[in-house]
Amino acid sequence: MPGMDPIIDALTRRGAAQLAWLRGWRGFGRFAAVAIVESLTPATYNSATRSVVQKQIYFTAWQILPTFTLFSAVLSFVLIQIVVDAARNYGFAQHALEASVRILVLEILPLLTALFVGLRSGAAINTEVALMVVHNEMKALADSGVDPMRFEFIPRVIGGVISVLALTAVASALALVLAYIAVYGFQVWSLSEFNRVMGNIFDIPAIALLWAKVLAFGLAVTVIPISEGLAAPPAKLFFVPISVLRGMVRLFFVLMLVEVISLVLKYI
Amino acid sequence: MAMAQESEISLISEELPLRANLSVLENIAIVPQYRQNMAYDQAADQAWSLLVGLNRSECAFKRDPDLSREERFVAKLLRAVIRSPSIIIIDRPALLLPDTHYPPFVEATLAALDDKINECWIVDYTWNEPLYAPR
């Protein structure tokens with residue numbers, strides 16, 4: 001029927017777009033599974049892969065450490081002051097420390113670190129992997145007897161996860177110090193009270209959930225850009241910006257999804 | 001992806017570029033570093049001596065976009081040579097060296113690496129056969 005042609009065309013285009021979207025998620029899932037297995041395989045680690053891990057940690061964590069530390073310190077200080085002042089105004093000053101640490105260390109700082117690393121290193125990794133595919137560099141590496149998966153991609157995942165864990169730890173430690181100063185001032189006599197509150201917050205399930213969340217963030221900021229870059233078609237340079245755009249959008253949704261799941265597990 | 005290590009054949013081709021974010025020295029050194037778990041310094045020494053052997057040490061720290069076509073060809077060749085494959089295949093050298101009278105250049109380069117290459121095949125169009133010296 002001639003009248004049905006536009007509808008069939010529209011449905012076909014819509015279906016093709018849905019399939020491409022699903023293929024992207026399948027690629028992400030497959031690469032995540034391979035990355036986890038390979039990173040736990042001792043054979044993955046040799047002189048070459050170790051140097052890529054070191055470089056990844058240098059570029060992802062060490063290079064940005066001063067800026068990131070300063071930024072997270074300023075943000076933490078402002079948020080702690082807001083929470084402490086609000087708690088005092090509403091008459092629950094005794095919970096100010098607990099509230100500020102819960103908000104910052106358990107929720108905001110891990111997410112902020114993942115977003116920071118994702119925007120900086122994730123975008124760069126996505127671009128580089130897409131360019132590798134476009135320029136056929138993976139096949140060239142394989143022809144030299146170097147497995148691109150083990151040499152290029154798995155070390156980046158490992159380095160990215162370590163970087164997110166390390167930066168989150170630095171930001172969190174700094175936030176704890178600032179929270180202590182904001183609540184108790186510049187003195188050490190309240191350390192036992194501070195430790196008691198920390199003990200209440202960081203029980204075993206909370207620590208386990210925090211570790212799992214930060215690990216998931218670390219995986220997401222590297223696995224998604226790499227899998228999206230790998231999905232770029234060979235020899236099509238124009239596709240690189242599209243690949244990065246898709247990678248960043250997917251990364252944003254996955255980070256938010258992980259955060260929402262962790263909130264649900266903790267509070268609902 | 002079929003790893004070339006299984007076939008022990010290395011291909012030098014316009015379609016197989018150098019790794020763009022590594023220098024020439026690193027592109028060559030990465031092969032023993034990865035395949036033999038060799039320390040970087042030792043692998044870089046090997047790569048350096050190969051480059052010096054061909055009087056190409058000046059390009060050791062350049063990356064792909066900064067290389068001349070001859071330097072790029074040498075880098076690709078040495079990346080293959082350091083792996084010691086049974087056969088090295090040079091695929092259509094005219095594509096790799098379009099501005100060079102390539103048969104004598106390739107011949108001289110291979111001669112300088114004679115003790116390091118098991119076997120080398122040059123794949124070229126039949127109409128380029130007169131360019132090569134008779135064997």
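The model is predicted. Chain B holds an open sheet of three strands with parallel pairing.

**Helix H1 of chain A**

- The buried residues of H1(A) are Phe28(A), Phe31(A) and Ala35(A).
- These buried residues pack against two helices of chain A, namely helix H6 (148-184) and helix H8 (204-230).
- In an α-helix there are 3.6 residues a turn, so residues three or four places apart point the same way.

**Contact between chains A and B**

- Chain A contributes 18 residues to the contact and chain B contributes 23 residues.
- On the side of chain A that touches chain B, helix H2 (47-62) and helix H5 (137-143) of chain A are the elements that give two or more residues.
- H5(A) gives the most to this side, with six residues.
- By class, this side of chain A has six nonpolar, seven polar and five charged residues.

**Sheet of chain B**

- The strand order is E1-E2-E3, and the edge strands E1 (9-12) and E3 (120-123) of chain B each pair on one side only.
- Neighbouring strands of this sheet are turned by 20° against each other on average, direction ignored.
- Strand E2 (residues 87-91) of chain B pairs with E3(B) in the parallel sense over four bridges.
- Asp91(B) has Val123(B) as its bridge partner in E3(B).

Notes. Residues are numbered from 1 along each chain as its sequence is written. Chains are lettered from A and ligands numbered from 1 in the order in which they are written. This is a predicted model: local features need pLDDT of at least 70, side-chain atom pairs count only at pLDDT 80 or more; totals for chains, interfaces and linings use all residues. Two strands pair if DSSP finds at least two bridges between them. Axes are lines fitted to C-alpha atoms, for helices over the stretch in contact, and angles run from 0 to 180 degrees between N-to-C directions. Two residues are in contact if their C-beta atoms, placed from the backbone, lie within 7 Å. Ala, Val, Leu, Ile, Met, Phe, Trp, Tyr, Cys and Pro count as nonpolar, Asp, Glu, Lys and Arg as charged, and the others, Gly among them, as polar. A residue is buried if 20 or more other C-beta atoms lie within 10 Å of its own, exposed if 12 or fewer, and partly exposed in between; C-beta atoms are placed from the backbone.
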